[in-house]
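I am opening a notebook on a structure that is new to me. I will write down what I look up, entry by entry.

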Amino acid sequence: MTFDWSAIGAFLPMFWKGVLVTLQALALGSLIAFALGLVWALAQRSSLKVVRWPVTVVTEFVRNTPLLVQLFFLFYVMPEWGLTLSALATGVIGLGLHYSTYTAEVYRAGIDGVPAGQWEAAVALSLSRRRTWTAVILPQAIRRVVPALGNYVIAMLKDSPMLFAIGVLEMLGEARQFSSQTFQTIEPYTLVGVAFIAIAYPASLLLRALERRLVR
Amino acid sequence: MSAEHSTPNTPPTVGDGANSGETELIHFDKVTKRFGTHTVLDALDMKVFAGKHVTLIGPSGSGKTTILRLMMTLLKPDEGTIKLGDRYLTHEEKGGKLVPASDRYSREIRKNIGMVFQQFNLFPNMKVLRNITEAPVHVLGLDKDAAEERARELLELVGLTAHLDKYPTQLSGGQQQRVAIARALAMRPQVLLLDEVTSALDPELVAGVLDLLRDIAHSTDITMLCVTHEMNFARDISDCVMMFDAGRVIEFGPPEQIFTEPENERTREFLSAVL
């Protein structure tokens, strides 16, 4: 078996389309995971049982079932209930929802890590609950958890090929399509592997630098 | 005017309202606080008139800090009521009945109370100036310029004008505590609670903070409740010193009396250990 460099050239146009889709899914999925995770974390601190309890059930359920099953469920079962979305939209929501249950734990740890004295100072100054959260607690909590959130973005990148299973043509999907058309396998899959490293490794270096800056 | 000297049969009262315009500002009525089975405060009665400075002394665990934390609504009493002026702090009146205060109600009343903590508790994510303007803007509704003007005046008072653009972590402990004092004063509270404000400071930084507080005590009409182990400071600023032991006031009176001729054996023991 020889490595045919011209096959790389032939694959490139499809490859770039795949990269774009992967990055799109990653960016939007991260946004959902960051936002929804914060919602879960705050809801779990609610004084109301009717808020806390369902959120705990949902997040535990999502965290303890496989992403692939969730993607299939969203893509094949939801339409039967009248909710049909594109494969990419389904994939983004699936990734975001799945990872939001992890980021929720990250936020929770970050919030718990803010010293009690900060809450007390906020009370002593009569800050409203909302202001205490937005001006005092969350800025400190989020600062602590940025590196941990970043690790989940990298984990999400590595889980993004699962979207191929519901027909999203991200990097792996494009490679699969290319190889089924040309019967060339080693070149496209190698390129995809290299691309994952090329995105993930610098990202983790960036995170480490960020960690050094933020955690003082 | 001055506190009468007494042992616990009469509840401690600081000020007597004899002077015109002097009003009762703080009133603890049979306040009990327990942590589990441990009674930290045992049916405490206490009255402090406006403008008085009261120092609470006693061994650790005697309930001094608990009084400040109850006053700041950081703790809720198990029994009894606390009033600030003619309004309840711990309770609100609903349909002629006293019910535990809602969060919104307590927040409204406690705007009149400021507290300075042992560990400063400045907001590390905000620069010095914003630490001071945050509450005046978002709680009192001052516009930003007015709040900054007020903050600059206070920073001048505490001698930190040069540092308004720094983050708390860039300051020494003594400087942080002075910012915390400015932050509390920016709310123009009627009552200032000082909870062992020099205990976390390096010895060489203590004097600066105490001098500042002496200044404030002598130049304002703010009512102070102070927990401290600095007996000279207590002597300088207090109208009344209250000695606590096991959740009760065992002796109280003007500082010259408590520090020179304490009547209670426990007070004598305590003072000989700390002086």
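Which residues in H1(A) meet which residues in H6(A)? I note before answering that this is a predicted model.

**Entry: two helices of chain A**

I looked up the pair. From H1(A) come Leu26(A), Gly29(A), Ser30(A), Ala33(A) and Phe34(A). They meet Leu149(A), Tyr152(A), Val153(A), Met156(A) and Leu157(A) of H6(A). I sorted this contact by class and got eight nonpolar, two polar and no charged residues.

Next I checked the geometry. H1(A) spans residues 5-43, and its axis comes within 10 Å of that of H6(A). The two axes cross at roughly 135°. The crossing of H1(A) past H6(A) is right-handed.

**Entry: where chain A touches chain B**

I then turned to the interface. On chain A, 14 residues are in contact with 19 residues of chain B. Two elements of chain A give two or more residues to this side: helix H5 (116-124) and helix H6 (129-159). H5(A) provides the largest share, six residues. By class, I find eight nonpolar, four polar and two charged residues on the side of chain A that touches chain B.

**Entry: H3 of chain B**

Is H3(B) largely enclosed or largely open? I counted its buried residues. Helix H3 of chain B covers residues 128-138, and eight of its eleven residues are buried, so the rest of the structure largely encloses it. The buried ones are Val128(B), Arg130(B), Asn131(B), Ile132(B), Thr133(B), Glu134(B), Ala135(B) and Pro136(B). They pack against H6 of chain A, and also against helix H4 (144-157) and helix H5 (173-185) of chain B.

**Entry: Leu155(B)**

I picked one residue in helix H4 of chain B, Leu155(B). It has 21 other C-beta atoms within 10 Å; the cut-off is 20 or more, so Leu155(B) is buried. Beyond its neighbours within four places in sequence, Leu155(B) is in contact with Leu160(B), Thr161(B), Leu164(B) and Ala182(B). I also looked up Val128(B), 27 residues from Leu155(B) along the chain. Their C-alpha atoms are separated by 9.2 Å.

**Entry: the largest nonpolar core**

Which residues touch the most other members of the largest nonpolar core? That core has 119 residues, and the answer is Leu193(B) and Met243(B). I followed Leu193(B). Not counting residues up to four places away in sequence, Leu193(B) touches Leu68(B), Met71(B), Met72(B), Ile113(B), Gly114(B), Met115(B) and Leu225(B).

Methods
Residues numbered from 1 in each chain as written. Chains lettered and ligands numbered in written order. Predicted model: local features only at pLDDT ≥ 70, side-chain atom pairs only at ≥ 80, totals over all residues. Contact = placed C-beta atoms within 7 Å. Helix = DSSP H or I, 4+ residues; strand = E, 2+ residues; numbered from the N terminus. Nonpolar A, V, L, I, M, F, W, Y, C, P; charged D, E, K, R; others polar. Core = buried A, V, L, I, M, F, W, Y, C linked by C-beta atoms within 7 Å. Buried ≥ 20, exposed ≤ 12 C-beta atoms within 10 Å, placed from the backbone. Axes fitted to C-alpha atoms, helices over the stretch in contact; angles between N-to-C directions. Left-handed = near helix turned anticlockwise from the far one by under 90°.
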